[in-house]
Amino acid sequence: MMGVWALWLLLLLCKSSLAVLPAKPENISCVFYYEENFTCTWSPEKEVSYTWYKVKRTYSYGYKSDICPTDNSTRGNHASCSFFPPTITNPDNYTIQVEAQNADGIINSDITHWNLDTIMKIEPPEIFSVQSVLGIKRMLQIKWIRPVLAPLSSTLKYTLRFRTVNSARWMEVNFTKEDIDRDETYNLTGLQAFTEYVVALRCAPAESMFWSAWSQEKVGTTEEEAPYGLDLWRVLRPAKVNGRRPVQLMWKKASGAPVLEKALGYRIWYFPESNTNLTETVNTTNQTHELHLGGKTHWVYVISYNSLGESPVATLRIPAVDEKSFQCIEAMQACLTQDQLIVEWQSSAPDVDTWMVEWFPDLDSEPSTFSWESVSQARNWTIQKDELKPFQCYNISVYPVLGDRVGQPYSIQAYAQEGIPSVGPVTEADNIGVKTVTIMWKEIPKSQRNGFISNYTIYYQTEDGKEFSKTVNPNILQYGLESLTRKTSYTLQVMASTSAGGTNGTKINFKTLSISVPEIFFITSLVGSGLLILIMLTVAYGLKKPNKLKHLCWPDVPNPAESSIATWHGDDFKDKLNLKEFDDPVNTEGDRVLKSYSASSDFIDKLVVNFENFLEEVSTEEIGKDQESILREEKNKYVTFPYWPYRPPTSTEIPQRKPQQLRSRIPEETSLETKEQLLSSVQSLGPENLCEEGEPNPYLKNSVTTREFVTCEKPQDEAKREV
């Protein structure tokens, strides 16, 4: 029995140790919505199990108490509860306690105390009029209706906020109204003339900590008055040939001038600093005007006017052409934030406290518009990014202003937002060699860069797919590639990059050379040097052995009269073969061309007679032996014979001599038999047979292949004369 009780006790202890109570409600806050409800909220912890709440209230200064009605607001972990009339009394003091309960137990919050006057929240007022007052400058009168659900006995406090239409910055004014009139009025002063303002209003009981919501916004415009003033600036251009210098004047409403300020026109007058009598006046309705001034110092004055009066005078000094301006800005930089462009500069002149900032788009052509702004008591300038065009480069210049003198500017370039270039570089290849090439590209136009070019990257690829790249600085527009492969095709393109990314340019193809120009020059010079050395050696050899060189170049032609054939028949035959009877076939002037000769009839007769005697004395075998000896003695010598049996492609038939003519030249002492033999042999050796091809004479073997002989044929007229 004791064991059973111990077991039950153990189970109860375990159950109590595993119980999780709800979190204690904290941060209780209550608001009294006048004549509507009393609502309390708190901040519970994230509950593990289902939790419901009860709000206990004591009111009527502690004489009554109740619990928040059991509706959906107190179920399902909701952290708010409201009490509704008629149980709401005012003025009164309430005590509030919140009870949290779940399946494991109950826990109560701390007791809080609330004074209804200090937690009262009323409706916002309703603005029905925002107008200017006739005759009162720079003021708007605001009229509204007092909230209906507001205690009549309470003094209300108000907050009025206002801003110009084109501004996002609100300004506030606090005031109280003790009267209970439904129509309330407030005069807002210190405004700009002829400017639109946006107005909103809220209120609360004087003792309450809770403000009402803001009323609906209303817009009003202040009265117009005489122009506020002008900011004046100039752009100095180079002097022309006639000495006149164009000066572009520009003006705008001064900073702080009314937004809606309008002018009927502008009046300009100017004169040389040394002579006020030369004053000239110009009227215009534009906000820019170009003057043509001389080279001296001039003063320029500009005012704007409307129906109510004139603006203060804006003055500007135009320096002389040869005047040297001072310089005091040492450095300047631009940096970007999330929504602003900030320009900062450093100056060595502490007495300069006014600066003129000028900016305009950097275009390929002359800009048509300039923007400027005066900065005082600061050395930085800020502009919103949305006032500048994205992807557009701007030239920003800062001019120091000391009194009426303007110093030399300091200029930089800046982008409000950068992007990738619109186009890539146009590329071409030049000076293509065996292993090198020069790549050149053109700058991208300013309007298409979209940012500062940070670098160029050259991508090139061989025909087998190998890829290479080179990155160069943005100021480089050509680059020489080296270590290429001989006789190889390449594909190449150049990418221009900004901080936002890069864009590839045109793609080109080129092929390296198989042999370079220096190599060609080297081979040519090597061959030429060899030929020169050979010529020099030949000349030196010729100078040393002139006869040998002459013999090699111009070999001696054998004289038939001095040939060994003359020894066969004695001196008589040598005398008869006197070469003086016919000309030398070799050109004495060195042209080495054989001339055409015709043997005379007397020479032929003598040759026939001697040849007859030769046949009688020399046998056939002895002739063969003598010919072999002649070939051995006359080896490598060239001979010419006037009647070498050679037939040209076209020949003229030579008339055959009559036997009577030959017969008349034969001596009478010759026997009849001998004459007949001689005539038969001569006929067989006549002109027709002499011009036919036959067995070449071994004595003239070398002459066959090395000499070109002229035809032996005679013109018909010459043959007739011989007859």
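A salt bridge is defined here as a side-chain nitrogen of Lys or Arg within 4 Å of a carboxyl oxygen of Asp or Glu. By that criterion, R267 and E310 form a salt bridge, their closest N and O atoms being 3.0 Å apart. The structure is a predicted model, in which local features need pLDDT of at least 70, side-chain atom pairs count only at pLDDT 80 or more, and totals for chains, interfaces and linings use all residues. Residues are numbered from 1 along each chain as its sequence is written, and side-chain values use heavy atoms, with hydrogens and water left out.

**Salt bridges**

- The structure holds 11 salt bridges.
- R267 lies in strand β19 (residues 265-272) and E310 in strand β23 (residues 309-310), so this pair ties together parts that are 43 residues apart in sequence; strands (E, at least two residues) and helices (H or I, at least four) are DSSP runs, numbered from the N terminus.
- R267 is partly exposed at 25% relative accessibility, and E310 is partly exposed at 47%; buried means under 20% relative accessible area, exposed over 50%, and partly exposed in between (1.4 Å probe, protein chains only).
- E323 forms a salt bridge with R317, the closest N and O atoms being 3.0 Å apart; R317 is buried, with a relative accessible area of 7%.
- E323 also meets R405 in a salt bridge (3.1 Å, N to O).
- E323 lies in the loop between β24 (314-318) and β25 (329-336) and R405 in strand β31 (residues 405-406), so the pair ties together parts that are 82 residues apart in sequence.
- Through shared partners, salt bridges join E273, R317, E323 and R405 into one network.

**Helical segment and nonpolar patch**

- The unreviewed UniProt entry annotates residues 520-543 as "transmembrane region"; such annotations may be inferred rather than shown by experiment.
- Over residues 520-543 the chain is 100% helix and 0% strand, with the end C-alpha atoms 34 Å apart.
- A nonpolar surface patch, whose members include I515, F521, L526 and L534, has about 980 Å² of accessible area together; patch residues have over 30% relative accessible area and no salt bridge, with nonpolar side chains joined within 5 Å and like charges within 9 Å.
- L526 is located in helix α2 (residues 517-544) and counts as exposed at 54% relative accessibility.

**Negative patch**

- D339, E373, D386 and E387 form a negative surface patch.
- E373 belongs to strand β28 (residues 371-376) and is partly exposed, with a relative accessible area of 35%.

**A buried cysteine**

- C30 is found in strand β1 (residues 26-33) and is buried at 0% relative accessible area.

How values were computed. Accessible areas come from the Shrake-Rupley method with a 1.4 Å probe; for residues, only the protein chains shown count as cover. Lys and Arg count as positive and Asp and Glu as negative; His and the chain ends are not counted. The place of a charge is taken as NZ of Lys, CZ of Arg, CG of Asp or CD of Glu.
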